[in-house]
Amino acid sequence: MHIDARNLENNSVIQGDICIIGAGTAGISMALDWIDTPYKVILLEGGGFEYDDQVQNLYDGETTGQRYYPLKSTRLHYFGGTTGHWAGMCSPFDPIDFIKRDWVPNSGWPISRKDLDPFYARAHEKLQLGPYNYEFTYWKKELPNLIPFSLDEKVIWNKMWQYSVARFGKLYGDTITKAKNIHLYTYANVVDIITNGTITDIKEVVVKNHAGKTHKVRAKHFILACGAIQNARLLLASNSQAAQGLGNDNDIVGRYFMEHIEHASAELWLSKPFPTKLYSWSYGARASAELAITEKVQTENRILNGTVSLYPLAFSRNLDSEMDVWNNEDPRKSAENFRESISEAREAAKKVNEGSISRAFQLHTRIEQAPNPNSRVTIGAEKDDLGVPKTRLNWELTRLDKRSIRKIYQLLGQQMGISGLGRVRLREFLRDENDNSWPEDLNAGWHHMGTTRMSDNPKRGVVTSNCQVHGISNLYVAGSGCYATSGAPNPTLTLVALSLRLSDYVKDKM
Amino acid sequence: MERKKFIFMTTAAAAILAIPVWYYNSCSSVYDQSLTKPQLLSNIWDTETIAEIGEIYKKQHSSENSPSKLIKLLSESISSEKGEIVAFINQRIKEDYKTGRIVTIDGWILSVTEVRQCALYSLTQPK
Ligand SMILES: Cc1cc2nc3c(=O)[nH]c(=O)nc-3n(C[C@H](O)[C@H](O)[C@H](O)COP(=O)(O)OP(=O)(O)OC[C@H]3O[C@@H](n4cnc5c(N)ncnc54)[C@H](O)[C@@H]3O)c2cc1C
C-alpha cells in the first residue's frame, strides 16, 4: 500500500507494529522480509519514486579533513535509495574482518563471519546475485576463461566478486506497494525521534515534508535505515530529551566513520600477454576476482585487509580521478560526468594501446580504513528546509592505512617477481616509507560505514550485536553504520545480510 | 686417491668450469653480453629506461659504480657454461625476490641482480 504523506491531513498520527525509516537498500530488504506476516509495517521514505532536488537538498552538508565528494551527491534520497547509482559489486567480508586484530585499534566485531553466512545467502536473493559461493574453484568450473596468475597461494589469493544489477526502486516498487501489510509513506521525512521520559523507549517519530505537513508515527519497534551518515545525523539531531542525542551517552554516535580507500596506487607490467577474464570487470559479467592478501600474511605484516584490481593502463592513465569527476552537488550530474570520463578514457586508450603498455595494468587499491574516532559525522548549527541540523563530515585516515597500501604492493611486487610474470611499479606517494601524506587523487568508494558501530560494550559501541541501540529497547539501526571495521569489500551485500539478521531478531521480539 | 691430490683436482675442475666467469671477472672488457641484458625487463622497457634505472642504482650504490665490480657481482658463483648464464641469472633473480634482495627504483620493485644488469648496461653502452 502506498500513501503520499503530502496528501495526508496535517498532524496525522500513523500507527503500526514496526516502523522502518528509509526505503533504500536496507529498509526495502527488511520490508520485503515482512510481507505476508501478520504485522503492520510502516515504511517511511523521505522522497518519492523519482529524484526530487528539494528532497535531495536535505542531504546537503559540509566536509572537512580528507577531500571528499559533496555530501549531497554521495547518496540518493528517494525510494530505492542509493541503489539508483551503485555499481552492484558484491563480495562478503572475510573471517579476519570480524576478529580483533591487535595491530588494528578498535577492531573486532561481537559477531563472526559464520554468524552472517546464512544471512549472506538470503541477501543474495534480495540483490539477485548468483549462488552464495565465492570459491574460486567453483567459478573456474562455471566460467573456464577465468585463468589465474600463478602466484603463491599462501600469500595472494583470488577474492571473487559477483555483480548485481538490482536497482531497488524499479525492482521492488510494485512488490512493496502491492503488499497489503506494508504501508509505504513517501515524502515522509523523519526529523525527530521522541522517547519516553527515561529515554529507554521510542514513543514516536516526527515526519515532515516540503508541503508543510507534520505527522507522527507510532510503533512497537523503530528501525533506522537511512544510510550510515543520515542515521548518525538523526540520532544526534534528536536531542530534545538527551542533550547529546540518542544512543550517544558515550559520545560514539557519528565517530569511526569509515570509507573504502580506492586508488590507482601502482602499475603491473607483464612480460608477456596473459589472456584471462579473471581480473577484468565488464558490465554483465557474473563474476571476477581481485588479488587479495591472505590472512596469515596480513597478520605477519600487521596490515589492513585490502584487495587489488586490474585496469588496462592505457585506459586508466587517461581516467580522471573519481574525486575530480564526482564533484557536482547534483548526483545525477556527477554520475553523468563519471560516465563521460570513462568513455573519454576508453577513446584515448585506443590511440596509445600499443607495445608493452598493452600488457600493463593500473593496480587499483580497495582497502578498509582503520577505525578512527576522529573520522566522524557531527551536526552543525545550520539547518535544512525541514529544520534538521545539517551534517558535517570529517573524514580522517591514519598511518596504518597508508602503510598497509604500501605493503600490499610490496608483497605483490615480490610475488610477481618470483612468478616471473611481470614487475610492479609504485606510484610516487608510496615510494618514501616515511611519507604519510595522501595524494590529491585519492578516491573513496561512496561507502559510508561505522557511525553507529557495533559492540557488546555500550562504552565502545552504539548498537548491540543485534543492531539494537544500547539502552533503548525498541530502536535499531539497519545498515553499514553498524560495522565495527569496514572490511575490504564494498558494503552493500553485508549490510543487507545484517539487516535480514536484524529482521529475524525483531520478529522474535514481536 | 690421496686427499691432497683430490682437493687439488676438484679445485682444478671447478676452475675449468668457472673459466668463463673468472675470465669476465678479471677482465672487464670481455664479458658475456647477456649480463647487460635483464631479460624480463627488456620485454617491458626500452634500452633508455634500462640505462636510466641503472644510472639511479649506480648513484645509490657508488661502490658498485664500475663494470668490473658489477661483472664480478653478477658472475658470482656462476659455474655453468656460457649458454646457461641467462638461465642462471634468471634463477638468481627469482631467488632475490624470494629472499627479499629487492630494491625500489623510480617506484619499480626490482631484484638486485636485474638492477645490476641495468647498471652494467648503462656503464658499458656507448653514450
Ligand atoms: C556511485 C556509487 C557506487 C556504488 N557502488 C557500490 C557497489 O558497487 N557495491 C556496493 O556494495 N555498494 C556500492 N555503493 C554503496 C551503496 O549504494 C550503499 O552501500 C547502499 O545503497 C546503502 O544502503 P542504505 O539502505 O544504508 O542507504 P540508501 O540506499 O542510501 O537508503 C537510504 C534511504 O533512506 C531514505 N531517507 C534518508 N533520510 C530519511 C529520513 N530522514 N526519513 C525518511 N527516509 C529517509 C533515503 O531517501 C533512502 O531511500 C555505491 C554508492 C554510490 C553512490
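Which residue of chain A forms a salt bridge with Asp106(B)? In this predicted model, the partner of Asp106(B) is Arg425(A), and the closest N and O atoms of the pair are 2.6 Å apart. This salt bridge belongs to the interface of chain B and chain A, where the rule finds three salt bridges. Eight residue pairs across the interface of chain B and chain A are in polar contact, with both residues at pLDDT 80 or more. On the side of chain B that touches chain A, two or more residues each come from helix 3 (39-44), helix 6 (85-99), strand 1 (102-105) and strand 2 (108-111) of chain B. Divided by class, this side of chain B consists of nine nonpolar, four polar and four charged residues.

The extent of the interface can be stated in residues and in area. Contacts join 17 residues of chain B to 19 residues of chain A. The size of an interface is often given as the accessible area lost when the parts come together. Chain B and chain A bury about 1500 Å² between them, and carbon and sulfur atoms account for 62% of this area. For the complex, the predictor gives an ipTM of 0.92 and a pTM of 0.94.

Confidence was also examined along chain B. Its mean pLDDT is 79, with 72% of the residues of chain B at 70 or more. Residues 1-28 of chain B have a pLDDT below 50, and in the model this stretch makes 21 contacts beyond near neighbours in sequence. Where pLDDT is low, the predicted coordinates should not be read in detail.

The area buried between domain 1 and domain 2 of chain A is about 1800 Å², with 61% given by carbon and sulfur atoms. Within domain 1 of chain A, the residues that lose the most area to domain 2 are Arg67(A), Tyr69(A) and Ala488(A), which together give 29% of what that side buries.

Arg67(A) also forms a salt bridge with Asp324(A), at 2.5 Å between the closest N and O atoms. The count of salt bridges between domain 1 and domain 2 of chain A is one.

Over all chains, the structure holds 39 salt bridges. One of the salt bridges joins the side chains of Glu142(A) and Arg286(A), at 3.2 Å from N to O. Glu142(A) lies in helix 5 (residues 136-142) of chain A, and Arg286(A) lies in the loop between strand 13 (261-270) and strand 14 (287-293) of chain A, so the pair ties together parts that are 144 residues apart in sequence.

Definitions and conventions: Residues are numbered from 1 along each chain as its sequence is written. Chains are lettered from A and ligands numbered from 1 in the order in which they are written. Side-chain values use heavy atoms; hydrogens and water are left out. pLDDT is the predictor's confidence in each residue, from 0 to 100. Contact means heavy atoms within 4.5 Å. Buried area is the accessible area (1.4 Å probe) that two parts lose on being put together, summed over both. A salt bridge is a side-chain nitrogen of Lys or Arg within 4 Å of a carboxyl oxygen of Asp or Glu. A polar contact is a pair of N or O atoms within 3.5 Å; within protein, one must be able to donate a hydrogen and the other to accept it, and residues adjacent in sequence count only if both atoms are side-chain atoms. Helices (H or I, at least four residues) and strands (E, at least two) are DSSP runs, numbered from the N terminus. Ala, Val, Leu, Ile, Met, Phe, Trp, Tyr, Cys and Pro count as nonpolar, Asp, Glu, Lys and Arg as charged, and the others, Gly among them, as polar.
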